[in-house]
Amino acid sequence: MAERPTSRISSRKAPKQARSTELVSAILEAAVHVLAQEGAQRFTTARVAEKAGVSVGSLYQYFPNKAAILFRLQSDEWRQTHEMLTNILGDAAKPPLTRLRDLVHAFIRSECEEAAVRGALDDAAPLYRDAPEAKEARAAGARLFKRFMEEALPVASASERALAGNLIITTMSAVGKEFSELPRTDAEIQVYADGLADMFCAYLGAN
């Protein structure tokens, strides 16, 4: 079945009743399976509806097209990432370098556990990359890390902190993506995350 031509990426409506909430949950769970198994290129509303055991018409009540489903999955991932950043980087009871080490471990583990879905969402990013919600998600993460860098490098200039933060984020993202392309054991994740965290902490300690 062909996708309905529309540029909307937000959900049509939010579920208000328990039955509607369960339907949306089933659709999103099915979408994750289809995305992981088929990839973004073969991801369609028809496949998602079939996997969820619902009609395409029922799916369209909540999601106008496949981009809307993918955007919802990506939005959920952004929300989880933001919560992780807030909980780890915002924990003032721990020294900044300890928080950074905790973040590296959590990030690398998350990348490995959700590699298939994350890779497919990256492939689908052109569908929603320039959406206002996407820009705000990126901006929110940037604000959190900026505040953290102010604590980690209190005597550095704003430009020095910005450079250091950008290098850490870019390196962590690139390394995490490449490392998670193959199945990894807990021991491998631990060793790799330790090494990456050591490198970042040494870099910040030298600034």
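Is R72 buried, partly exposed or exposed? R72 is partly exposed, because its relative accessible area is 28%, which falls between the 20% and 50% cut-offs. Keep in mind that this is a predicted model.

I will stay with R72 for a moment. R72 forms a salt bridge with D76, and the closest N and O atoms are 3.3 Å apart. D76 is buried, with a relative accessible area of 15%. Both residues sit in helix α4, which covers residues 66–89. They are four residues apart, about one turn of the helix.

The general idea is simple. Side chains of opposite charge can pair when their charged atoms come close.

How many salt bridges does the structure hold? It holds 13 salt bridges. I will go through some others.

Next, R42 and E38. Their side chains meet in a salt bridge, at 2.9 Å from N to O. R42 is partly exposed at 44% relative accessibility, and E38 is partly exposed too, at 32%.

Then there is R109 with D186, whose side chains form a salt bridge at 3.2 Å, N to O. R109 lies in helix α5, residues 96–113, and D186 lies in helix α9, residues 186–205, so this pair ties together parts that are 77 residues apart in sequence. R109 counts as partly exposed, at 28% relative accessibility. D186 is exposed, with a relative accessible area of 54%.

Last, a network. Which residues are linked in it? E77, E111, E114 and R118 are linked by salt bridges.

That is the end of my part.

Conventions:
Residues numbered from 1 in each chain as written. Predicted model: local features only at pLDDT ≥ 70, side-chain atom pairs only at ≥ 80, totals over all residues. Heavy atoms only, no water. Salt bridge = Lys/Arg side-chain N within 4 Å of Asp/Glu carboxyl O. Buried < 20%, exposed > 50% of the residue type's maximum accessible area, 1.4 Å probe, protein only. Helix = DSSP H or I, 4+ residues; strand = E, 2+ residues; numbered from the N terminus.
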